[in-house]
Each structure stands twice: as structure tokens, then as C-alpha cells.
Amino acid sequence: MRTHVAVVGLGYIGLPLSLALCERGETVIGVDVDERKVDELRRGVTHVMEPYRGESLESILRRHLASGRFTATTSLAEAAERADTFIVTVGLPVSGEVVEKTPLLACINDLGRVLTAGDLVLIRSTLVPGMMERDIIPRLASASGLVPGRDFHVAYAPERVAEGRAMEEFQTLDVVVAGLTDACARRAVDVLKRLTDGQFHKTSLRVAELSKVVENAQRDVNIALAHELKAVAEQHGVDVYELIRMANTHPRVRLLEPNIGVGGFCIPNAYAYLAASLTSEEHIPLFSLARQINLLAPHRAARQLDETLHRVGKRLSGARVALLGLGMKDGSNDIRQSPAIHFADILAERGASVAAFDPTVEPYFPFQAASLEDCLADADAVAIAAWQEAFDTAPWPHLLARCQHPLVVFDLKRRLVPSLKQAQWQIQGNSHLPYIALPAPHASAERDCAVEMVP
Ligand SMILES: NC(=O)c1ccc[n+]([C@@H]2O[C@H](COP(=O)([O-])OP(=O)(O)OC[C@H]3O[C@@H](n4cnc5c(N)ncnc54)[C@H](O)[C@@H]3O)[C@@H](O)[C@H]2O)c1
């Protein structure tokens, strides 16, 4: 009997979504066009980091492979033999500002060809608003020869989880849901109730599509605001984090903190999705400007690093920079549009010699070092772009003593400087600016020590 769920697209969202469904007792057939990925998954291998209740996603995957609740295939036809519900999580990549619709539309054409009367197609991908009615539903109809809303159900419920918390959030977040018909929406809710304890908010297809993009665009704007505040604080010579902390004591103010930029598959793509949904005469300058500001953040960081190196008689060009953390955010090995990678490229373009280390990111870039020790050896500057758990227990004072001194420390995560303080290094000043650090005499047998701060 065809009662199972097929999840189409087994990436950062589709795989944990499949396994969250398995955790709730469902039997899931995962489908992906990437043969290598499917082969790895069948062998119980995944690089997606979504720990849940102290267990790695890889361990959860192995449990559900062993129990038979999860299987993976490249064949939609094979999935359709056992599934009557198809949850689609294939995304729309963006290059520059151009949205690449082909992977999702190809998936929809393939899916249409295996649909049978009575099936449900539930799209969870983030879309260019309007795509459900303009592209997806008509393609499902023509490829299947069936009438949507009458012969099969079709619905949209955008996925809202954050990477790193996905397994938990699939089961707890509220869901915005829309169907082609009321019956389609009801059927989608019936399926999603098996996954989440959150509330359901029914709306139209267009509002559901827009709401997801707007959620992400709002974060892009708020992050851009934080980056502008950083520039303002710098001009005033004050600590931007203290400034934000003070402003946030007002009950109606909720400022975010600046960083090195914003990456991943969601927030940076929101503007392109929104812009692609509007007629060419429409302008959305606020969203466009926010995107530009956030893309400039790693350039600003590189300029600050250069200025600080000048203070110790060095230049970025020719300097050796140790870059720690390559993921798009703390605790993530997702390097899609990662500002850390962007920062590394900018540093290299400006003539720096970059060595980067992130224990969670597979060797891929020529500038990746094999260990923290190798990364930091003889560095003129150390910059922290994303914090990984393994950094918590690294012997920092010992490692940093091996760098060139004076050492510029760009502690964007404010994790390294506190640990140096603990090791009796003297640190002062604004935490958003790079420090100039010299190890204190008693802190290292290898080099002379003292810490000085850039004003
Ligand atoms: N990553 C996030 O944090 C996040 C959060 C919320 C929503 N989303 C949305 O979820 C969707 C998926 O994002 P992701 O990060 O998992 O993307 P991803 O690129 O990691 O995964 C997409 C998967 O789809 C597969 N695929 C491509 N074409 C296919 C086809 N024709 N048939 C079957 N599989 C195909 C790819 O091989 C890949 O494994 C996107 O729309 C994204 O915007 C992502």
C-alpha cells in the first residue's frame, strides 16, 4: 500500500526533515538526483551537522537505516511505488542577483510524471513569490495529465528552521500553510501534524510564499543595520556591542549584533527572490541597500585589519593571516555564501597570505591548513570568522605564542580575547576592533609578553 512519505531533495533541509519524520514514527523514502549523496546516505554517511538530543545526525541516520524507516534513492518512480505524499525541498540557487529556477522546475516535471490520483505534493522550498501558481502547479498538471486540486492535492508550507537547530525546530515551530483548495490545505496540515507540535496558520498561496521571503529579508535588513551601527560606533570610538546592549534595554528595541557579514542559503537569497517576483518598474531600495551593506562587511573588516597592521609597522599585503572558522555561522560547516570565505578571498586579493582552519569543513580550498597549529604558525594576524566547538578547548595562549609578535587579533566572536584574559593577558578597549597583542612575559616561555589595544 502507498502510505509512506517521499522527501525530494536530501540537502541541509531535506535530510534532517526526513529523519525528524522518522523520529516521529514515519517511514520515509528520500529522493535526490545526486548519486554520490544517495550512495553515501545508504552507507550511513552525511556531513550535515544537525545534532539532536546529544546524538549526531549521522548516528540518527544509521539508526533509521537499520530500522528500515529511512531509505534513499535517486528514482522518483521507485519512491512513488510506496509513497502517496511528496515533500519537496529542492532549492533555488542565486548567482549574483539571478535566481536559478532550473533544478526545482526539473524536479517538478519529474515528479509530475510519477503522480497518481489521490497524491499530495507539498512544497517546502523557498520560492520566488508567484511560482506556485505560475510555474509549479501548471507543470504538475501538464506532466501528470491530472487536474490539480481535484485529482491530486497540492500545497505550500515554507520551511522556517535554522540550520543547527533543525531537528528540534521541525517539531516545534509554527507552520504557515496554503493549499490550492481548502481540501489541499487540510491534507497538508494532516501530514505536517505528524511532524510538528507547532500551530498552523492557513493563508493563500501568495501570502505563504511572500511571508517566507519577507522573514529572511527582514533579517537581512536588521543585520545591515547592525553593520551600519558598527561604523557609527567606530567613528565615536565606542564599543558597538555595549552600544547595542544599552539600546536593547528599551522594550521596543531589538538590535542584532554586527559580524563579518551574512551567509548561507536563506538570508542572502531573499532579496533576489523578492526582486524577481516584481515587475521591472518596482523598486525596493531598502532591501537592495541592505544586501549591498552586508556584502560590504567583509571588505570593511579587511580594511580594519590592514589599518591595524599598519600600526605595528606591517601591511596587509605580504602579511600572514590565520583565519579561524569557515562556516557561514558559528557551529556550521555550511560554506554556501559564507562571509568567512569571502573575507579570505578579499585578503588574498589584497596581497595577504591566508591560512584558514575549520575542523568541520572538508579540505576544499587551497588556503585551508591541516591543523590549528599549522594555521597559526608565524601569523601576523589572527581573525576569527566563525566559532567551532573544538576551539573551546584549544590551548590558545600556547598556540598564539607561536605567532609573530606583535600579533593583531581580530576577535569577531569575542571568544578568544576572554580566554587570553583568563590566561592573564592584559586586554583593553573596544571589542569590535582588532587588538594588537603581545604575550605577557610570564604567560609564555617562548616569547616576551604584553598586550596593547588599538585605540
Ligand atoms: N538551509 C537552510 O537553513 C534553510 C532553512 C529554511 C529553508 N530552506 C529552504 O529549503 C530548501 C532547501 O535548502 P537546502 O539548504 O536543503 O538546499 P540543498 O542544496 O542543501 O539541498 C537541495 C537538494 O536537492 C537536490 N536536488 C536538486 N535537484 C533535484 C531534483 N531534480 N530531484 C531531487 N533532488 C534534487 C540536491 O542534490 C540537494 O541535495 C531551499 O528552498 C531553501 O531556501 C533552507
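The points below go from the basis of the values to the ligand, the pocket, the cavities and the backbone.

1. This is a predicted model, in which local features need pLDDT of at least 70 and side-chain atom pairs count only at pLDDT 80 or more, while totals for chains, interfaces and linings use all residues. Residues are numbered from 1 along each chain as its sequence is written, and side-chain values use heavy atoms, with hydrogens and water left out.

2. The ligand is surrounded by 24 residues, the closest being I13, D32, K37, T126 and R336; a residue is counted here if one of its heavy atoms lies within 4 Å of the ligand. By class, this shell holds 11 nonpolar, 6 polar and 7 charged residues, where Ala, Val, Leu, Ile, Met, Phe, Trp, Tyr, Cys and Pro count as nonpolar, Asp, Glu, Lys and Arg as charged, and the others, Gly among them, as polar. At least three residues of the shell come from each of domain 1 (4–203) and domain 2 (212–293), with bounds taken from an automatic or database domain assignment.

3. Helices (H or I, at least four residues) and strands (E, at least two) are DSSP runs, numbered from the N terminus. Because domain 1 (4–203) and domain 2 (212–293) both give residues to the lining, the second largest pocket lies between them.

4. On a 1 Å grid over the protein atoms alone, a cavity is a set of points where a 1.4 Å probe fits but cannot get out, and a pocket is an open set with protein on both sides within 12 Å along at least five of seven lines; lining residues have an atom within 4 Å of a point. Grid points are joined across faces, edges and corners, and a volume is the space filled by probe spheres set on the points.

5. The structure holds 3 cavities of 30 Å³ or more. The largest cavity, with a volume of about 70 Å³, is lined by 13 residues, among them R124, E159 and F170, and its lining divides into 7 nonpolar, 1 polar and 5 charged residues. The second largest cavity has a volume of about 40 Å³ and is lined by H227, K230, N259, A297, R300 and A301.

6. Two backbone features deserve a check. The peptide bond from H405 to P406 is cis, with omega near 0 degrees, and P406 lies in the loop between α15 (396–400) and β14 (407–411). Q337, although not a glycine, has a positive phi of about 50 degrees.
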